[in-house]
Amino acid sequence: MLTKLSHLWAACCLFTRLPLWRIWSVPADCFPYAVHHWMLAGGFVAALWGGLIFFGVYPWLPASVSVLMLVLGNLFISGAFHEDGLADFFDGFGGGTSKERILEIMKDSHIGTYGVLALIGYLLATYVCIGEWSSDFQGLYHAPLACFEVYVVTAVWSRFLASFLPATLQYARNAETAKVKMIYAPWTVSTYIYMFIVAIAAFMAFCVLFPYRIECMLLLFLTPVVIFAFLYCYIKSKIQGYTGDCCGAVVLLCELSMNVVMAILAYYHITF
């Protein structure tokens, strides 16, 4: 049990810029297992900052201001870890014509045109979509709780899907050339079971608070599955494996697809 907690804490230290290591400095050999707890670490960050915004700021300020604070604060807490991956992903796959060239571009610390456009598009779309569905909830007596749950479930579900990249593909680099200087540990049966339990729990929690019609639920949760399947096949065909940048890009694009669908449901007032 202590070992699993060490791995979870390593994930929280790796995927956030919070000085958690000052509280508990786990051994270095825990970090290759951090990605196994990616879902909970992402849910932790979403719950921490989303809870502060939706319960402490959202009831008193316009939704647009609250969402702006949400997006900017998330970048600060996470250190733009996945956003950096998104930019490198678009630079690499947009400008590279071979596996070697794609990996070389993604390794370059400079950002290119594709990366800049990807970040601008992602941040604008995220701000608009979250602003749309959070504004629609303002008439509900449990609006802060509703916004909080959507935000956290989206973070957990997108990481659940993206976890299948490192779980089923080989790392495209070696430990020496990796950004985090390590290769993640292989998945086990217990890890898969753990992933599915967390994902199902998030889905059920959403169903309790948002009893949408079945077609709406399918649209919300299966759209990122389609996005993931396309990206998975595309990444595999191009580099025959995965990198950390690929994982970051897949997370953000799956998150964005859920926010887009949620915004559409809110716009048409498809509620309970």
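In helix H4, His82, Glu83, Gly85, Leu86, Ala87, Asp88, Phe89, Asp91, Gly92 and Phe93 are buried (under 20% relative accessible area, with exposed over 50% and partly exposed in between; 1.4 Å probe, protein chains only). Helices are DSSP runs of H or I with at least four residues, numbered from the N terminus. H4 spans residues 81-95, and its 15 residues reach 21 Å from first to last C-alpha, close to the expected 21 Å (1.5 Å times one less than the number of residues). The model is predicted: local features need pLDDT of at least 70 and side-chain atom pairs pLDDT 80 or more, whereas totals for chains, interfaces and linings use all residues. Residues are numbered from 1 along each chain as its sequence is written, and side-chain values use heavy atoms, without hydrogens and water.

Beyond four places in sequence, Met262 is in contact (heavy atoms within 4.5 Å) with Trp133, Phe137, Val150, Phe206, Phe210, Tyr212 and Leu220.

Phe196 lies in helix H9 (residues 189-209). With a relative accessible area of 38%, Phe196 is partly exposed.

Leu61 occupies the loop between helix H2 (38-56) and helix H3 (63-78). Leu61 is likewise partly exposed, at 37% relative accessibility.

Methods
Helix = DSSP H or I, 4+ residues; strand = E, 2+ residues; numbered from the N terminus.
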